[in-house]
Amino acid sequence: MQPFGWEFFKTLASVGAEELPFDDGEFHFAYCRNVLDHTQNADEVLREIARVLHPRGQLLLACDARHGRGGGPPHPYAWSIETLETRVFGQFEPVTPITLLDDTKTPVGREQSRGQRVRWVCRVRRKTTPL
């Protein structure tokens, strides 16, 4: 936040993402990086983000996929790419192609990503009729 200057922000709050203190449709853009695998209820976080996004709003989502590695208290979720996409695409639809980045931030293909941690990145918008 600091590089932009505090005067550019309407409000600043530290809250759990499972229950956001904002009105429905209040935001046109949300950014969620390396959050979902650290939450206690990722599905609820996704529902809350969808709720606070404007109907034409978008979410830039980046999440680590570990293919079975990870877990434990700091990482309640050890997402595979497929599991992450099932959860995300229940509430959202892609706006951009999905990008998978390895540890050096180099794009890799799905087959190339098997067995390693990758960062899954996609810009999405909320579905008009979520599942």
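Strand E1 (residues 27–33) and strand E2 (residues 53–65) run parallel and are joined by 6 bridges, in what is a predicted model. Together with helix H1 (residues 42–52), these two strands form a right-handed β-α-β unit. On its other pairing, E2 is linked by 8 bridges to E6, and the two strands of that pair run antiparallel. The notes below start from these strands and then turn to the helices, the nonpolar core, some individual residues and the cysteines.

**Overall make-up**

- The protein has 3 helices and 6 strands, and, read from the N terminus, its elements follow the order β-α-β-α-β-β-β-α-β.
- Of its 131 residues, 35% count as buried, while the accessible surface comes to about 7900 Å², with 54% of that area belonging to carbon and sulfur atoms.
- When contacts between residues at least 6 apart in sequence are considered, 71% of them join residues at least 24 apart.

- Strand E2 is mostly covered, since 10 of its 13 residues count as buried, that is, they have under 20% relative accessible area.

**Helices H1 and H2**

- The buried residues of H1 are Ala42, Val45, Leu46, Glu48, Ile49, Ala50 and Val52, and they pack against E1, E2, H2, E3 and E6.
- In helix H2 (residues 81–91), the buried residues are Ile81, Leu84, Glu85, Val88, Gly90 and Gln91.
- These buried residues of H2 pack against H1 and E2, and also against strand E3 (92–94), strand E4 (99–101), helix H3 (110–113) and strand E6 (118–126).
- Ile81, which lies in H2, counts as buried because its relative accessibility is 0%.
- Although Ile81 and Arg66 are 15 residues apart in sequence, their C-alpha atoms are 8.0 Å apart in space.

**The largest nonpolar core**

- The largest nonpolar core of the model contains 25 residues, and those with the most contacts inside it are Leu36, Ile49, Leu59, Phe92 and Trp120.
- E1, H1, E2, H2 and E6 each supply at least two residues of this core.
- Phe92, apart from its neighbours within four places in sequence, is in contact with Leu46, Ile49, Ala50, Leu53, Leu59, Val124, Arg125, Arg126 and Lys127.

- Asp37 is found in the loop between E1 and H1, and it counts as buried because its relative accessible area is 0%.
- With neighbours within four places in sequence left aside, the contacts of Asp37 are Cys63, Asp64, Arg66, Pro74, His75, Pro76, Tyr77 and Trp79.
- Asn34 lies in the loop between E1 and H1 and has a positive phi of about 55 degrees, although it is not a glycine.
- The relative accessibility of Asn34 is 28%, so this residue counts as partly exposed.
- Lys105, placed in the loop between E4 and strand E5 (107–108), is another residue other than glycine with a positive phi, in this case near 65 degrees.
- With a relative accessibility of 62%, Lys105 counts as exposed.

**Cysteines**

- A disulfide is a covalent bond between the sulfur atoms of two cysteines.
- The count of disulfides in this model comes to 0, under a rule that requires a pair of cysteine sulfur atoms within 2.5 Å.
- Cys63 is in no disulfide, and the nearest cysteine sulfur to its own is that of Cys32, 7.4 Å away.
- Cys63 counts as buried because its relative accessibility is 0%, and this residue is also one of the contacts of Asp37.

Key
Residues are numbered from 1 along each chain as its sequence is written. This is a predicted model: local features need pLDDT of at least 70, side-chain atom pairs count only at pLDDT 80 or more; totals for chains, interfaces and linings use all residues. Side-chain values use heavy atoms; hydrogens and water are left out. Two strands pair if DSSP finds at least two bridges between them. Helices (H or I, at least four residues) and strands (E, at least two) are DSSP runs, numbered from the N terminus. A crossover is right-handed if, with the strands pointing away from the viewer, the path from the first strand over the helix to the second runs clockwise. Buried means under 20% relative accessible area, exposed over 50%, partly exposed in between (1.4 Å probe, protein chains only). Contact means heavy atoms within 4.5 Å. A nonpolar core is a set of buried Ala, Val, Leu, Ile, Met, Phe, Trp, Tyr and Cys residues joined through side-chain atoms within 4.5 Å. Accessible areas come from the Shrake-Rupley method with a 1.4 Å probe; for residues, only the protein chains shown count as cover.
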